[in-house]
Amino acid sequence: MTQMPTWDAYMIYVLRYLSDGVERGVNEIRQGVADLAGLTEVQRAEKHVSGQSKADNRILWAVSYLTRVEAIERPARARYRTTQLGEKLLTQYPEGITAITLRSLAKPGDEWWLSKPKGADTTPTVIDIEVE
């Protein structure tokens, strides 16, 4: 991997890392996802303008958005595990999940994805994902 993945590129790694159903803490998720994504030491050391690791920042955004659509759940503070929807997404999109796919799963009134630059397409594409 040569370029730092965007936050949405980390979603598939988060789901893969949590796919065993084990509840994990944020620090474990950040490390495990970075390992799965094959980040170099240089990429892991790269800093966001806030001073936080850029990789950690993007991984945590992926965790946050996956939680909002209930692809992963937070059974306790800073602890996460996958849900049936997360397992289904991993099966249906093994190569990765796009922000557009995630937007299609947003609950009515949950418009976190609307803060896009002018001219960006924010219309969700409806994707039929049934969870038993």
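Q: How many bridges join S2 to S3, and which way do the two run?
A: Three bridges join them, and the strands run antiparallel. This is a predicted model, in which local features need pLDDT of at least 70, side-chain atom pairs count only at pLDDT 80 or more, and totals for chains, interfaces and linings use all residues. Residues are numbered from 1 along each chain as its sequence is written, and side-chain values use heavy atoms, with hydrogens and water left out.

Q: Which residue in S3 is the bridge partner of Glu 73?
A: Arg 81.

Q: And the sheet, what is the strand order?
A: S1-S3-S2, an open sheet of three strands with antiparallel pairing. Two strands pair if DSSP finds at least two bridges between them.

Q: Which are the edge strands?
A: Strand S1 (24-25) and strand S2 (72-76), each of which pairs on one side only.

Q: Zooming out, what does the secondary structure come to?
A: Six helices and three strands. Both are DSSP runs numbered from the N terminus: helices are H or I with at least four residues, strands are E with at least two.

Q: How much of the protein is buried?
A: Of its 132 residues, 39% count as buried. Buried means under 20% relative accessible area, exposed over 50%, and partly exposed in between (1.4 Å probe, protein chains only).

Q: OK, helix H5. Which residues are buried there?
A: Leu 85, Gly 86, Leu 89 and Leu 90, in a helix spanning residues 84-92. They sit on the same side of H5 because they cover an arc of only 140 degrees around the axis. That arc is taken from the directions from the helix axis to the C-beta atoms.

Q: What do they pack against?
A: Helix H1 (11-18), strand S3 (79-82) and helix H6 (99-104).

Q: Switching to Val 33, where does it lie?
A: In helix H2, residues 26-37. Val 33 has a relative accessible area of 0%, so it is buried.

Q: Which residues is Val 33 in contact with, leaving aside neighbours within four places in sequence?
A: Tyr 10, Tyr 13, Val 14, Tyr 17 and Ile 59. Contact means heavy atoms within 4.5 Å.

Q: Last one, Asn 57: buried or exposed?
A: Buried, because its relative accessibility is 15%. Asn 57 lies in helix H4 (residues 54-68). Leaving aside neighbours within four places in sequence, Asn 57 is in contact with His 48 and Gln 52.
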